[in-house]
Amino acid sequence: MRYVSTRGTAPELGFTDALLAGLATDGGLYVPAEWPTLPPCAPGATYAQRAAQVIQLFVGDDLPVATVQRLCDEAYATFAHPAVVPLVQIGDGHFVQELFHGPTLAFKDVALQLVGRLFDEVLRARGTRVTIVGATSGDTGSAAIDGVKDCANVDIVILYPLNRTSDVQRKQMTTVDSPNVRVVAIEGTFDDCQDMVKAMFGDVEFRERMHLSAVNSINWARVMAQIVYYVVATDLLAGPVNVCVPSGNFGNVFSGWIARRMGAPIDQLIVAANANDILERFFNHNDMSTAPVVPSLSPSMDIQVSSNFERLLFEMNGRDGGLTAEQLQRFRASGSLSVEADQRAEFIEGRFQAARLDDAETLAVIAQTYADSGMLLDPHSAVGVGAVAKLRAAGTLHGTTVTLATAHPAKFPDAVEQATGVRPP
């Protein structure tokens, strides 16, 4: 399996080189040179076994089958639920997939418990060391730190926006004693943090001297590991299903797009947005224009520049890296991007839907879900559940739907208590 850059000029790499590089040297994101076909699931396979089967397709010959299986076994043994990502029914034809049973109680653990182990395995074999630098809107930072805090060959530096994460998220990052962990608060937004990270990767001399790498979703391995829970959901529900994804940086939704591209029976992908609704506006109105970031009750979604959208744009452009780079340059300069009608017809219409919820609507969904089912939702997951309700009410969404529950309610206790009167333990 080979990897190409979405901007077309960086050299092709194998899996382990793409893992360590993170961002391509031309500023693009790595994607597989071709999309593999999903193999059938073995009866009774565990999550770790299905994960190893799917991930091996993308690793190719770079790591032995036994090594990939061992790393998956170790990664998913850290989860508190035996199913790793259990499905819970909350209504007629509506399931929640709980992705928050890992060490830091957020969906990022599903990928980063594995990615940290992949890094350590490859670096140990090569006898080298890297410095991971990343930006976080809350959950990626703590999950990345937990994934690499015991790695002998990795240093990590995480940037987060000051006063724009929950207290639990901040403490999960700033109270880790490992000597290889550094955390920096930035006076600004997540987009400012992400711009700093991209600037570091863009400085070739600095990048090479520091042996920089990335674990946020610009790193292909993050997106790769997230494909698995979409596959497992469709294995269990025997498809076709819709999947609703609370969305910020678009990496999670794009993982679902890949799962469908590989043959998983996914009908619609639903992009759920908060007040920072650039993705909702793009999918519903072809309006991708940036606006100031608005702080919300779902801070991990407080993003205006969704890095992973570049990967979908590359596919929409027929994998023309030059055209993709040109569009993104115009987007950066003008703050606006739109795509052609034939591209929307082929890639978006009938495949993606989107809906947005403001904070008041989010609190109402948390309250209603608790009253109806006794389930406490964190505000990000509530945006997803509310988006499904909106689209069903509008008559545009039909059939079995899975909403990804991306964080444990205890990570956002103030919002949950405000909505329900119950403070999650």
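Me: Leaving aside its neighbours within four places in sequence, which residues is Arg222 in contact with?
Reply: In this predicted model, Arg222 has its place in helix H9, which covers residues 220-237. Once the neighbours within four places in sequence are set aside, the residues in contact with Arg222 are Lys108, Ala111, Leu112, Val115, Thr140, Val215, Asn216 and Ser217.

Me: Which side chain of opposite charge is nearest to Arg222, and how far away is it?
Reply: Arg222 is buried, yet it has no salt bridge. A salt bridge would need a side-chain nitrogen within 4 Å of a carboxyl oxygen. For Arg222, the nearest side chain of opposite charge is Asp139, at 9.3 Å.

Me: Why is strand S4 largely enclosed by the rest of the structure?
Reply: On one side of S4 lie His94, Val96 and Glu98, on the other Phe95 and Gln97, and these are all buried, so that both faces are covered. Strand S4, residues 94-98, is largely enclosed because the number of its five residues that are buried is five.

Me: Which residue of S4 does Val88 stand opposite?
Reply: Strand S3, residues 87-91, runs antiparallel to S4, and four bridges join the two. They form a hairpin with two residues between the strands, where Gly93 takes a positive phi near 65°. Across this pairing, the residue that Val88 stands opposite in S4 is Val96.

Me: Which residue in S14 is the bridge partner of Gln97?
Reply: S4 is also joined to strand S14, residues 401-405, by five bridges, and these two strands run parallel. Within S14, the bridge partner of Gln97 is Leu404.

Key: Residues are numbered from 1 along each chain as its sequence is written. This is a predicted model: local features need pLDDT of at least 70, side-chain atom pairs count only at pLDDT 80 or more; totals for chains, interfaces and linings use all residues. Side-chain values use heavy atoms; hydrogens and water are left out. Buried means under 20% relative accessible area, exposed over 50%, partly exposed in between (1.4 Å probe, protein chains only). Lys and Arg count as positive and Asp and Glu as negative; His and the chain ends are not counted. Contact means heavy atoms within 4.5 Å. Two strands pair if DSSP finds at least two bridges between them.
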